[in-house]
Amino acid sequence: QWRTNYGAGLYIERSQDVLIHDVTAREQQNGIVLDRVVRSRVFDNDCSFLSGWGLAMWRSTDNIISRNAFDFCIRGYSHGIYNRGQDSAGILLFEQCSRNVFAQNSATHGGDGLFGFAGREALGDAQPMPAGFNTKRAGCNDNFFYGNDFSYAAAHGLELTFSFGNTMFQNKFTGLNRLNRNSKN
C-alpha cells in the first residue's frame, strides 16, 4: 500500500545488506521507504522538504541510519495558524522496527522529528490477528538513537509508542511546540 498509494523517491522491499547513500529526494511525498529490510546501511542522504516522510521504515530491523538530512517533512502547516503536522515526520518507524541504530541524523521542522508506532498486531488489535502471534515485546524495540537533531517539530520531536528497550543518548530537541490559540485541532 505504501508504494501504490504514497510513493517514494527510493523504495526498497524485502531485502537485506543494502547500501543506500547520496540519494536526494524532493518534490514528492516520501523520500526513502524500507519495507522489511534487514542489516542495511543508509547514510549521507538528503530527503528533505517533503510532505510525508523523509525515511519510512516498516518491519525493518538491524539497520544503520546515519548522517542523513530528513528536514522539513511536514504537511498541514501554516505558520502561526495551524501546525499539527498531519502524521508527517522526518523518520517514521511503523510496526516492529527493532534493533536499528540512528546516529547523527537531522530531522528538524517536521510534523514529528521521529514517529514510531508498534503496530496493531503488537497491540493485539489487528483484524484478523496472525495465528500464534505473541504480542509480548512486539513493538519497535531496542533501537539506539545517538546524536540526532529532532528540533522544531510541529507535534513531537520524538514519539515512540508501545515499544520497549530503546536507548536515547545526546539527541537534540530545541524549540517549543505552541499551537496558536486560534488554530483548529
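Phenylalanine 94 is partly exposed, with a relative accessible area of 25%. The cut-offs: buried is under 20% relative accessible area, exposed is over 50%, and partly exposed is in between, with a 1.4 Å probe and protein chains only. What you see is a predicted model, where local features need pLDDT of at least 70, side-chain atom pairs count only at pLDDT 80 or more, and totals for chains, interfaces and linings use all residues. Residues are numbered from 1 along each chain as its sequence is written, and side-chain values use heavy atoms, leaving out hydrogens and water.

Back to the rings. The structure holds six aromatic pairs. Rings of Phe, Tyr and Trp, the last by its six-membered ring, pair if their centres lie within 6.5 Å; planes under 30 degrees apart are stacked, over 60 edge-to-face, the rest tilted. Phenylalanine 94 and phenylalanine 117 make a tilted pair, 5.5 Å centre to centre, with 40 degrees between the planes. Phenylalanine 94 sits in strand 11 and phenylalanine 117 in strand 13 (residues 112-117), so this pair ties together parts 23 residues apart in sequence. Strands here are DSSP runs of E, at least two residues, numbered from the N terminus. Phenylalanine 117 is buried, at 16% relative accessible area.

Next pair. Phenylalanine 150 and phenylalanine 173 have ring centres 5.7 Å apart and planes at 35 degrees, so they too count as tilted. Phenylalanine 150 is in the loop between strand 14 (144-146) and strand 15, and phenylalanine 173 is in the segment after strand 16 (167-169), so the pair links parts 23 residues apart in sequence. Buried or exposed? Phenylalanine 150 is buried, at 2% relative accessibility. Phenylalanine 173 is partly exposed, at 49%. There is also a cluster: ring pairs link Phe144, Tyr146 and Phe169.

In what order do the six strands run? The order is 1-4-7-11-13-15, in an open sheet with parallel pairing. Two strands pair if DSSP finds at least two bridges between them. Strand 1 (10-16) and strand 15 (156-161) are the edges, and each pairs on one side only. Neighbouring strands are turned by 10 degrees against each other on average, direction ignored. Those angles use axes fitted as lines to C-alpha atoms, and run from 0 to 180 degrees between N-to-C directions. Take one pairing. Strand 7 (residues 53-58) and strand 11 (residues 89-94) pair in the parallel sense over five bridges. Tryptophan 53 stands opposite alanine 89 in strand 11.

Cysteines. A disulfide here is a pair of cysteine sulfur atoms within 2.5 Å. The count comes to zero. For cysteine 97, the nearest cysteine sulfur belongs to cysteine 140, 4.8 Å away. Cysteine 97 is buried, at 0% relative accessibility. Cysteine 140 is buried as well, at 0%.

Last stop, asparagine 143. Where is it? Asparagine 143 is in the loop between strand 13 and strand 14. The residue is buried, at 1% relative accessible area. A polar atom of the asparagine 143 side chain lies 3.0 Å from the backbone oxygen of cysteine 97. What does asparagine 143 touch, leaving aside its neighbours within four places in sequence? With contact meaning heavy atoms within 4.5 Å, the list includes Leu93, Cys97, Ser98, Arg99, Asn100 and Phe102. Gly165, Asn166 and Thr167 are also among the contacts of asparagine 143.

Notes. Helices (H or I, at least four residues) and strands (E, at least two) are DSSP runs, numbered from the N terminus. A polar contact is a pair of N or O atoms within 3.5 Å; within protein, one must be able to donate a hydrogen and the other to accept it, and residues adjacent in sequence count only if both atoms are side-chain atoms.
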